[in-house]
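Hi everyone, thanks for coming. Please bring up the model on your screens, and we'll walk through it together.

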Amino acid sequence: MKNGVTRKSYFQGVLLSAIGLAITIIGLTTILTWIVHVLNIQVFREVVLSSLGVNSWFMTSIAYFLVVMMYSLVGWLIGLGFYRYGGMGGFVTIMASLVIVSLNDLLWSFNTPKPLMGLLTYHIPVPTIAVAIIASFAIAAITAIAVYKVVKDTPIKIT
C-alpha cells in the first residue's frame, strides 16, 4: 500500500479488481467457446465443462464466476497470511484455503481434482443450483470478511 491509501480503499480496490478479473476470464472463455462453435472446430468435443447441462451457459458462467472469485479470495488470503503472520501463519492460511476451496468445489461437483474432499470415501449428493449459489456466496462472503479483518490489522511495513 502506498502512503495516503486507506486499508478500506485498498480492500475495495482489490476486491473490485478481482471481480473484474473473474468477469474478464469468463467473458473471454465465452467468446472463445463461441468462436470454436461457429467455426465448427473439432477440438475439445469430448470435454464436459459443466454438470449443469448442455444449454445452461448462463448458470455455468455464474458457477465459474463464483469459483474464480473464490480462488482470487483464497489467493489473497494466503498472501496476506504470509505477509502479516510470517511462515507458520502463511501455512495455516494455506490449510484454511484448501478447506475453503474444497468445500466450494464440492458444492458444484465439477470434474476438478478435490484436494481434501477427494480423500474422503463417502459421496455427498449434489445440491441444487440455488443451494450451491447461496452457499458459494456465503463462503465467499466469509472469506472476504476474513481477508478484510487481516488487512485491517496488518501493520504497514515501511522499508
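Let me start with a word we'll need: a surface patch is made of residues with over 30% relative accessible area and no salt bridge, where like charges are joined within 9 Å and nonpolar side chains (Val, Leu, Ile, Met, Phe, Trp, Tyr) within 5 Å. A salt bridge, in turn, is a side-chain nitrogen of Lys or Arg within 4 Å of a carboxyl oxygen of Asp or Glu. Accessible areas come from the Shrake-Rupley method with a 1.4 Å probe, and for residues only the protein chains shown count as cover.

Now some housekeeping. This is a predicted model, so local features need pLDDT of at least 70 and side-chain atom pairs count only at pLDDT 80 or more, while totals for chains, interfaces and linings use all residues. Residues are numbered from 1 along each chain as its sequence is written, and side-chain values use heavy atoms, leaving out hydrogens and water.

What is the overall pattern along the sequence? The chain reads α-α-α, with three helices and zero strands. Helices (H or I, at least four residues) and strands (E, at least two) are DSSP runs, numbered from the N terminus. Of the 159 residues, 28% count as buried; buried means under 20% relative accessible area, exposed over 50%, and partly exposed in between, with a 1.4 Å probe and protein chains only.

Back to our patch. Leu-28, Ile-31, Leu-32, Trp-34, Ile-35, Val-38, Leu-39 and Ile-41 make a nonpolar surface patch of about 790 Å². Ile-41 sits in the loop between helix H1 (7-38) and helix H2 (57-108), and is partly exposed because its relative accessible area is 35%. Ile-25, in helix H1, is also partly exposed, at 37%. Its C-alpha atom is 9.3 Å from that of Tyr-64, 39 residues away along the chain.

Next, please look at H2. How far does H2 span between its end C-alpha atoms? Only 15 Å, whereas a straight helix of 52 residues would span 76 Å at 1.5 Å a residue; the expected span is 1.5 Å times one less than the number of residues. H2 has a kink of about 145 degrees centred on Tyr-85, the bend being the angle between axes fitted to the seven residues ending there and the seven starting there.

Gly-89 is in H2 and counts as buried because its relative accessible area is 14%; its C-alpha atom is 8.9 Å from that of Ile-78, eleven residues apart along the chain.
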